[in-house]
Structures are given as C-alpha cells and as structure tokens.
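My entries are below the structure.

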Amino acid sequence: MSAKYTRNFCIIAHVDHGKTTLSDRLLEHTNTVEQRVMTDQHLDAMDLEKERGITIKSHPVTMSYRAKDGHVYKLNLMDTPGHVDFSYEVSRSLAACEGAVLLIDAAQGVEAQTVANAHLAFGQKLKVIPVINKIDLPSANLELCMRQLEDILTIPAEEAILASGKSGIGIIDILEAVVSRVPSPRWTEYPQTRILVFDSLYDSYRGCIAYVRVFSGAIKARDMMLLMSNGEKSEVKEVGIFMPKMVKTDILRAGDVGYIVSTIKNTADVKTGDTITIANKPATEMLPGYKEVRPLVFCGLYPLESDDYEKLKAALGRLRLNDAAFVYSSESSLALGFGFRCGFLGLLHMEIIQERIRREHDVEIISTYPSVIYHMVRHGGELLEIDNPVNMPDPGELIEIREPTIRASIITPNDSMGDILALIMEKRGVCEHTDTLDMNRVMLRAVLPLNEILVDFNDRLKSVTHGYGSMDYELGDYQTSDLVKMDILINGDPVDAFSSIVHRDKAEGKGRQLCEKLAEIIPPQMFKVAIQAAIGGKVIARDNVREMRKDVTAKCYGGDISRKRKLLDKQKEGKKKMKLIGKVSIPPDAFIKVLQNN
Amino acid sequence: MSGAIPEQAKAEASSPLGLYVHVPFCASTCDFCAFYQKEPTADDVARFLRGIADEAALVAWPRPVTTVFWGGGTPGLLAPRHLAELAALVRAHCGGAPEEWTVELAPGSVTRERLAVLREAGVTRVSLGVQSFQPALLDALGRQHTREQVFAAHALVRAAGFPSVNLDLMFALPGQTAGEWASDVREAVALAPDHLSTYCLTFEEDTKLWLKLSQGRVKLDVEREAELYEATWAQLAAAGYAQYEVSNFARPGHACRHNLNTWRMHEWIGLGPSAASQHAGWRGGNVADLDKWIAGLARGERLTEDRVRLTPALLAEDALIFGLRMNAGVDLAPWRARTPEVPWPMVEDAIATLAAGGLLGREGDTVRLTDRGRIVADSVATELMAAFEPILETT
Ligand SMILES: Nc1nc2c(ncn2[C@@H]2O[C@H](COP(=O)(O)OP(=O)(O)O)[C@@H](O)[C@H]2O)c(=O)[nH]1
Ligand SMILES: C[S@@+](CC[C@H](N)C(=O)[O-])C[C@H]1O[C@@H](n2cnc3c(N)ncnc32)[C@H](O)[C@@H]1O
Ligand code: SF4
C-alpha cells in the first residue's frame, strides 16, 4: 500500500460530546478489533482517565476501510488528550494528522473546548470535518449548531455531517469524508527519513516505546536511529502498528502511524515532538513544532510519614518513566522535612500525579501550595526564575517581578455574565472581547494571571454558571505585577510550607482567610498560639488557635494507673505523628486541609 | 548498683505500704460504672473470703501495712459477720492497727450493724457513694438509693463516730444543669463531711452511658465540663474545703493518705479480683474475674494482667505525671537523686516550657500545676512523658 491510500486523522471534541462512542463505531465498522484491549499499564491510567473524562495517554489505532471508490484505505485514528494542561501533547498528536473530525454535541452546541481544539487544528493546517453528533437526541438543535459552525468557527455549514454514534447514523459518511476530504500524507517526498514522536510509553520489559508518525523514508528493526533534539543514537529493536494492540511489522513507511522499540530505556529521553531520523543518512531539519515542554505549575510533595521518603522517591521515579512532562528534584522544608519539588504541565496534571502516587504507589503525601514560575529581575538586570516562594529574594534586591498569564476562552450563559465578569475581576483578569454564541450564551476572551486560576477558578466558574460554563486557555505572556511573598507564622515562627506569592492588593484578604482556616483546623492547644500572616515582617492578619479547654482524667487511683498510662502513651504516640512547628503539634492532615481547599 | 543500696533499702523499709481489697459485689450495675463487680450468688461471698485468705498467704509481705482501702464494688454489701471475717484477715497484716482504713459504702447498704462491725474492727474512714442529691439524676444513673437514704446513711455513719467521712459526687451528668450541680455541692457541704470527692463523669467503655454516647443519645460537652470543674473548685474553696487533688477536697488533716501514697508511687498490695498492686518491683492488676481469680489461687498463683516491671525511671516518670495531679505538686529532688539515668535536662526543659505557658509553677525543686494546668493535666503529662522518652526506650 502506498501513502496515497493512507489517511491520518483525529477526532476532537469537548468532553462528553461522544468521541469515545463514535470511535468505537468507526472501529466496529472497519472490523478492527474491539478497542478496549489494553496492557496492564494502560488499565492503571484508565481508571483515572475514565473518572475525569479525559484522555491522558494516546490510544492510536490503524483501521482498514474499503471506500466507495473501490480502494482499500489505511485509516490511522489518533486519540488526542483532551485537556488544556496537555495542549502541547495535543498539538503534537494533531501534527501527526492531516485531518480532524470535529464533533459537536447537537444538543449542547459549541463549547469552549470545541473552539480551542478547532483553533489548534487550524493551526496545524488540518482539514477539519465538522460532525454534528447525537442527532438522535430530541433536544438536538441542528440549526443552531450549523449557525455556530459558521459564526464561531468559520466553517461552512454545508460541510457538516449529521451523525449519531449511539444509533450508528452517519458513520459511513464520516469514513467517506475522511477518505475524500483529508489529504493523503504530506511531506513524503523529503529526501531523508523523518518520524514524529507524538507520545511514549514505558514498558518494564521493553523500555521506552515511542508512538510515531512516519513522514518520509522508512524505519525497521536493526536500523540505527537518531533523535534529532539531542543527537542520541540507538538501535531499533522492533517496529509495529496499533490494532489497537501493538502488532509487530517489518517496516514503517511514509504516512504510517505506529510504534518503535529501541535500546532506549527511559521515556524521558524520547521527547514528545522530537524527530527521529536514520543515523547513517540523517535529515538536516527537524519536523516543525518541537518544543521542550516546561512545567508551568510547581509544588512540594512530602511523605506524610518521613519513613516513606524512599517509597515516595521510587513512586516519582516510576511516574516519571511514563511521563516525561513531569519533573521533580529533592528539596527540604523546615516544616515538612525531606521531600521533592515537582513540576507539572498544569493543575490537572498535578492532581493526576498526586492521585496516582496515593492510589497506585500507596504513599500518603502532603503537598505545599502550588506555584507558577515567576520572573524576578535583580538590580543589574539578572533574571531569576522562581518556582518556590521560599527562594524569593528580598524585595529590596529586585527591580521587577513578572508573572505568567493565560489567554482564556470562557463560555457562559448570558445570565451569568455579570458573575463571570466579577470573577475575572476578582482574579485580576481583564476581559478583552465578548462574542455572542447564540441566544443564551456568550464567549469571553480574557487574560488572567496563571497563579489566580491555579486553585479554584474552574470550580468557581462552574458554580456561578450552575455547571453550564466552560473554559479553555492557552499560555499568554509574562506581565509585570506588584507581587509579594506572604509568610504564615505560627507563634512567631514562619512555616515555609505555607508561604505563597500573592498580589499585594490581595495579600490581606488571603492572609486573613489562611489564618482563619488554620485556627479552625489546628486542634485546640494547651498554650496560646498565634497565627499570623506577614509580608516582609509586617503582620497583615492574625488569628489564634483555640485553647484546649479541658483534658484531665477525673479519677486516678491505684487501679487506674496502668490503664491511664496506656492512654497517655497512646496520646504521646499520636503526638509523635504530628509535625511540631513553633512548639505546636500540627496533625499532618491539617496541612492537607489548608493547602487543599484554599 | 552502687553504695546507695543500703540507704534506699532503709527508705523503703520506712516507706508506707498500702493494702487495697476489692470487694466485687453490687446489687446491680450503675449506668456509668466500669469497675469489676457482679451480683453475688449464694456461695460467692464465702469463696471470695477464702480467696482473699489464700491470696494474702501468697504475698510476701515486706513490712506492716500502713493504710487500708476497701473498695469495690460495694464492700457494704457483705453481711456483718463477713465484714468481721475480712477485717480479721486484714488486721493480721497490719502489725496492729493501720493509720488509716477506708471502706466504700453505697448509701443503700449502710446499716447500724455493719457500721458497728467496721468501727469495732478499726475502720477510720467511710466513703459514701452519694453521686447526686437529685432524685431524677440518681434514677437516671441507675443508682439503687434515694435522696432520703443518703441523709439516713450519713446520719448513721456520723452517729457511729468514724473519724473521717467522705462523700463521692459526680458532675457533668447527662441533663444536669450548672444550678443542679451547685446545689448538689451545697447540700454535700451542708452535711459537713471531712472530705469530698467530686468526679467529672467519665464515659467508660462497656457501660450503659457509653452505649448512649455512641448512639448519640447523650453528648459530650468539654466546654461545659470545664466550666463545672472551675465552678466546683471555686465553690468548695469558698466553703473551706481545700483541693488537694484534681477531684479531691478535704478539711485540714483529712486528705486520704492511702491515695496520696499511691500518687507518690509508694507501694501497695491489692487483693481480690481486678485489684491492682504495685510492690516487689512490679505493677499489675489481678484478673478481673472472680472464678478465674479463685482458680488461679487454687493453683497457688496470683493471675495478673498488664504486668510491668518497675524501674526507677518509670517510677520517677509516674511520680511526676500522677503526682502533679496533687495540689502540693512534686518534689523533684529525691527522684533526681534516685534516677541519674533519667534525662533530667530534657525534663527541666519541658517543665520550663510548660511554666512559660502558664501551666506549671515552680518553687525550688517543687513543681505544681497552676489552675489552668490542672484542667489540662493529661496534656501536660504527655508533654512531660515525651521528655522521658529516650530513657524508657532503652529500658
Ligand atoms: N443520545 C446520544 N448519546 C450519545 C451519543 N454518543 C455518545 N452519547 C452519550 O454521551 C455520553 C458521552 O459519550 P462519550 O463517547 O463517552 O464522550 P467523550 O467524552 O467525548 O468520549 C455518554 O453517556 C454516551 O452514552 C449519541 O450519538 N447519542
Ligand atoms: C469505686 S466507685 C464505688 C463506690 C461504691 N460502690 C458506690 O457506688 O457508692 C467509687 C466512686 O467512683 C466514682 N465513679 C465511678 N465510676 C465513675 C465514672 N464513670 N465517672 C466518674 N466517676 C465515677 C463514683 O463517684 C463512685 O462513688
Ligand atoms: S458505682 Fe458502685 S454500686 Fe454502682 S456499680 Fe459501680 S461499684 Fe457498684
């Protein structure tokens, strides 16, 4: 089969618009084996993926389809991650395609993710095939969907295919459109072999498995391959395709999607977006679009029990094997002991990693406040990148602090507009543009500081819009801001784990909130314990931990002494499990509570 | 060991020795009570008395007993002749008469005959389990006596001429108001007892009240307990009763010496099922079951539970944490001399921190709880215990 009969495409959609259902239908129709046959490693990740309704790892599949023109086509369907945290990964998956099926739920219409994904697809110059899905629903509003296609996405309405994954309507139309509208593989004429890595997976027996799209040339077992980003060479052990199980083949040729097993063990060495070429006849230019992924969000992760340090270290190591975007290095905290500074693509990524540490690696952890990377400029012009408030230099040494921003697309019902605008204001954002989507909804484009949306923005958005609002974002520029480091002091001692970098105008409110919360969570203490929030030594908010009111055994005679001792011993053991800060014993879950819901 | 032995031996020879006898019988079980007791069957009393004799014979009595305490259960449930029999057994180990001899009596069991036997035998102190003067509360606790019986019993006890009389009261009872408690204290004071014990209700496992608590039918209210503690202390001080321990108050010279000796970590021998002992280098409790206790004795064995070996360091720690419950506090000097292995600098550190926090006071080598410290005495104890930790982990 030549590349002429190959089509590489993906399905992009807002969560729940029916991507999974439709993919299964396409597989069924092309007699490709049932998709949900996965390796154990996939299954682990699957639980979380299902719970969150997102795809974290790619699940590509090669289908064979005899089109109405009589030819048999090789259709490679790429499954793309569906969350903004993974937008770079999405862009690489899209780069491996020439076309995209854009699903719109007929009852919901265009949503924030639909818009964001469509723009990504246009950016990759993909042929977009609009599909209005779930037309079997009584609440389907085709007219509205068509209008939104034209107005918001500038896609001619007549291109839309009406479908229902559930009822099997429009499946053939979609397959035919893929064949006829999506161009055959591009850049096949390039003189050397160029292969795009769009994902990778760690396998304990085979090491790193690279998920690839061959653009030109070919690759087979025993070739010496070269990773163009770092010049690393290794021998190819095996190549194959996804059926969707990995099936070994002799060779991968231009236009193919498949996998490569080589002598490389570590997934971190095979970076998403990198170009593989053949070592003895290497390409000179990489495929476009490669970026070093840089984590955006950082936090400290500490074992709840200091004995679990090694266990946590091993867990992070294993997670890193399969997730090159996750980085960590050791750090220590006065309050929490020895742990790790961890970097993530975004909040969801952070949550997923933390959850996997708890679930799959069975280590209880405490995390510190998440932070973004601030750019701080010293007198003399030296630029510092600070991802941990503890490392922030004395403000006197700085001439400027800059923070990262995002460009958000927010879709909201009309009647929540006011609340959303207030929320954006509260989060120090600026609304730059509004578009009417339909009679009921508006799309806002806003620029917001990344650190303001780190914790509860999405929850707040959902709550003010009664669940109807949605948001997507891309990274924006750095902007100068009046930021300060806020410390939390317990009985006068700063607790490093609670330090944060905040905007000066919001420091007092945040400080008060944090003090109140701590005062509420820390169990009553024998002594008076003051909790203060301070900026550069100046206290801006304070509260007191409740004083223990009564803790005394009424009756303590001869017969009670042994019993009583046991009780006290237990109390004492309990105390040992706490973190002692400024002579105050703080139960570890207090850290979690404070750090989680603020 | 060093040359300190003779002196220590001398000190022990002259130090007090207590005798506790547990009489494990009650007519019924009160809703709050977790002490080991049962309704006696026909021959239980005889078996019990024989057991006490057997157990006493197994004990290596180191020196004459100085204080005696009969508790329970309800020693007052025994018939006068059985009381006499038990008294004779006890006297055999006292080298004459003990300095202090307490018997706990439930008001319902007080009779002129019983009191006469006890007085005759040399009992010096009677402790009446009043608990409350409120008929409704007495009823709610499952007590077997009425308010009137309390007055009658008290009158009989006074008439019998015991040198010291104590009344036990309980507070923070479900449904009890602050006013009701103040009135209970007032009524108790009106009877002019020599001694008063006021116990904050403790929800003990395996009691009816515990069950109610776990079912949410009654609630624990720490704030209210604290308020009642403070109110009690003030009210009794005003009435001329000096507090000498968390729950105990007395007129001058009437503090219970047996209990003081216990808190000072002196030795005592316990006889009867569930009775605790602390002597001959160990601490532990007899098995809390009449039949098992008797069966053990039949094999020439005192079946004990939770036995620990007593080291000087453990005794020093316990003397501090239990001793602090006494208003007089603890004199550290003798303990420091006896236990060089204890990390005293760490203990001193902990004491200094607690003192700085207003929980402890210190005069020379004597440390005492402040009022604020007393109401959180258990937390103070755990702080101090942490300072002893290094040594206890190695012993
Ligand atoms: N009525 C109807 N429901 C559908 C259709 N396709 C998917 N669904 C339902 O929509 C929900 C989301 O579908 P899924 O395929 O998991 O969406 P994904 O999140 O985009 O992968 C599920 O409850 C499906 O049963 C359709 O064509 N018609
Ligand atoms: C060993 S009891 C027995 C006294 C005697 N059987 C009587 O009931 O009169 C001694 C005292 O401990 C107190 N007491 C017993 N259980 C208690 C509890 N759960 N909480 C507080 N005090 C308690 C009562 O005041 C009781 O009078
Ligand atoms: S309180 Fe006294 S009478 Fe009531 S059960 Fe306990 S020991 Fe027996």
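These are my notes, entry by entry.

**Ground rules.** I am working from a predicted model, where local features need pLDDT of at least 70, side-chain atom pairs count only at pLDDT 80 or more, and totals for chains, interfaces and linings use all residues. Residues are numbered from 1 along each chain as its sequence is written, and chains are lettered from A and ligands numbered from 1 in the order in which they are written.

**Chain B overall.** I looked up the secondary structure and found 16 helices and 15 strands in chain B. Helices here are DSSP runs of H or I with at least four residues, strands are runs of E with at least two, and numbering starts at the N terminus. Chain B has 395 residues, and 45% of them count as buried. Buried means 20 or more other C-beta atoms within 10 Å of the residue's own, exposed means 12 or fewer, and partly exposed lies in between, with C-beta atoms placed from the backbone. I then checked contacts in chain B between residues at least 6 apart in sequence: 72% of them join residues at least 24 apart. A contact means that two C-beta atoms, placed from the backbone, lie within 7 Å.

**Where A meets B.** I find 21 residues of chain A and 38 residues of chain B in the contact. The chain A side divides into nine nonpolar, five polar and seven charged residues. For these classes, Ala, Val, Leu, Ile, Met, Phe, Trp, Tyr, Cys and Pro are nonpolar, Asp, Glu, Lys and Arg are charged, and the others, Gly among them, are polar.

**Ligand 1.** I count 16 residues around ligand 1, the closest being Gly18(A), Lys19(A), Thr20(A), Thr21(A) and Lys166(A). A residue is near a molecule or strand if its C-beta atom, placed from the backbone, lies within 6 Å of it. Helix α1 (residues 19–29) of chain A gives the most to this shell, with three residues. The shell has three nonpolar, eight polar and five charged residues.

**Ligand 2.** Where does ligand 2 lie? I find ligand 2 between chains A and B. There are 19 residues around ligand 2, and Ala106(B), Gly129(B), Asp168(B), Tyr199(B) and Thr202(B) come nearest. In chain B, β2, β4 and β5 (164–171) each supply at least two residues of the shell. By class, I have eight nonpolar, seven polar and four charged.

**Cis peptides.** I noted a cis bond from Met243(A) to Pro244(A), with omega near -5°. Pro244(A) sits in the loop between β11 (232–242) and β12 (246–249) of chain A. I also noted a cis bond from Gly72(B) to Gly73(B), with omega near 20°. Gly73(B) is in the loop between β2 (67–72) and α3 (80–91) of chain B.

**Positive phi.** Gln131(B) is not a glycine, yet its phi is positive, about 70°. Gln131(B) belongs to strand β4 (residues 125–131) of chain B. Is Gln131(B) buried or exposed? Gln131(B) counts as buried because it has 25 C-beta neighbours inside 10 Å. Ser274(B), also a residue other than glycine, has a positive phi near 75°. I place Ser274(B) in the loop between β9 (267–271) and β10 (276–279) of chain B. Ser274(B) has 22 C-beta neighbours inside 10 Å, so it counts as buried.
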